[in-house]
Amino acid sequence: MASDRRATTFVTGAAGFIGTALIKVLVARGHVVLGLAPTLEAAKRVRQAGAIPIMGNLLEPGQWQDAAAADWVFHLPPHPGWGPRVTWRRADAIARARVLMDAHLLDAVSGGATQRIVCIAGTCCYGAVGTRAITEDERPTPSAWGRCLAPALDRLDGYIGAGLPILTALPGWAYGNASWFRERVLEPVMAGRRVLQFGRTGPWVSPIHVDDCARALVHLAERGECGGRYFLVNSDPIRLYEFARAFARLAKRPLRVWRLPTAAARLVVGPVVADVLAGDAVFSNIRVRGIGFRFQYPTLDDGLQQILGALHD
């Protein structure tokens, strides 16, 4: 699908980590971007990123649904998964909320003129697949956190069958100068505080710089196949704790670690997130590369150098 520089684009989760990066890419390419914002503070972040804030909450029907009928829609529903300790009860509530948010958006745009809907979930929907990179054709065996998203992901098939032009994006560990990376890695390392780690090395994971993630989402809207699923990860898997080690090395700062036994993760972050931290999960990007996407930050060092450079600007 050729890019329409005058296209109107609607973004949910627009004030979030990936959402603000996505807005900047879209605005730079000439799109008029409408960003859903549930609070005045979120609206401020959306405006600062370059979009027009639309007040509304995905959990509730409202006038925002009229604005959702744009040429392109990017659905990044917020979830509080990496905040306080995630219990099974809280995970069930997140899963129910995701299904409701999807329904409020997709029902609003069904039957309209929307050309592309890119729904964002995560590689956790496929679970701990091991150290051999798998493709999207493998059968998903969701992690505990992935099971929070799986019911909504399964329901997308019905909307696709009804004719909605939906593509599904599954980012890996998106990192950048915000969100979990800033809180758990950048700020502790730069301030000389300890970085929390469970076990010795952590699992193998597939990362992606948030800017590459945003660019890949736009690329999917332009060239992706409706009904398709796409892993958004770079080509080099890493051990989870390489995020902190590599950042400290490039920043020329000592790495101080507060290391806890792996079993302690269930007590500290809850059983749902602990499950994500326990298993290797490596994914292939051959499908997104096959439709012409190229990474600006193909390795972790490349992405971390960008983050450090931005800190010094």
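Is Arg 182 buried, partly exposed or exposed? In this predicted model, Arg 182 is partly exposed, with a relative accessible area of 30%.

## The Arg 182 and Glu 187 pair

Arg 182 has a salt-bridge partner, Glu 187. Their closest N and O atoms are 3.1 Å apart. Glu 187 is partly exposed too, at a relative accessible area of 34%. Both values fall between the 20% and 50% cut-offs, so both residues count as partly exposed.

## Other salt bridges

The whole structure holds eleven salt bridges. Glu 41 and Arg 45 meet through their side chains, at 3.7 Å from N to O. The two residues are four apart in helix α2 (residues 40-49), so about one helical turn separates them. Glu 41 is partly exposed, at 46% relative accessible area. Arg 45 is also partly exposed, at 35%.

Glu 136 and Arg 287 form another salt bridge, with 3.6 Å between the closest N and O atoms. This pair links distant parts of the chain, 151 residues apart. Glu 136 lies in the loop between β6 (130-134) and α5 (146-161). Arg 287 belongs to helix α11 (residues 286-290). Glu 136 counts as buried because its relative accessibility, 6%, is under the 20% cut-off. Arg 287 counts as partly exposed, at 26%. Asp 137 joins Glu 136 and Arg 287 in a network of salt bridges.

## Nonpolar cores

In soluble globular proteins, nonpolar side chains tend to be buried together. Here, the largest nonpolar core has 71 residues. Phe 10, Phe 181, Phe 243, Phe 247 and Leu 304 touch the most other members. Leaving aside residues up to four places away in sequence, the contacts of Phe 10 include Leu 34, Leu 36, Trp 64, Trp 72, Phe 74 and Leu 105. Ala 67, Ala 68, Ala 70 and Val 73 are also among them.

Another core, of 39 residues, lies apart from the largest one. Its members include Val 11, Ala 21, Leu 26 and Leu 167.

## The second largest pocket

The second largest pocket contains about 160 Å³ of space. It is lined by 14 residues. Closest to the pocket's centre are Phe 198, Thr 262, Ala 274, Leu 277 and Ala 278.

Two helices, α9 (265-268) and α10 (271-278), each supply at least two lining residues. Helix α10 gives the most, with four. By class, the lining has seven nonpolar, four polar and three charged residues.

Methods
Residues are numbered from 1 along each chain as its sequence is written. This is a predicted model: local features need pLDDT of at least 70, side-chain atom pairs count only at pLDDT 80 or more; totals for chains, interfaces and linings use all residues. Side-chain values use heavy atoms; hydrogens and water are left out. On a 1 Å grid over the protein atoms alone, a cavity is a set of points where a 1.4 Å probe fits but cannot get out, and a pocket is an open set with protein on both sides within 12 Å along at least five of seven lines; lining residues have an atom within 4 Å of a point. Grid points are joined across faces, edges and corners, and a volume is the space filled by probe spheres set on the points. Ala, Val, Leu, Ile, Met, Phe, Trp, Tyr, Cys and Pro count as nonpolar, Asp, Glu, Lys and Arg as charged, and the others, Gly among them, as polar. A nonpolar core is a set of buried Ala, Val, Leu, Ile, Met, Phe, Trp, Tyr and Cys residues joined through side-chain atoms within 4.5 Å. Buried means under 20% relative accessible area, exposed over 50%, partly exposed in between (1.4 Å probe, protein chains only). Contact means heavy atoms within 4.5 Å. A salt bridge is a side-chain nitrogen of Lys or Arg within 4 Å of a carboxyl oxygen of Asp or Glu.
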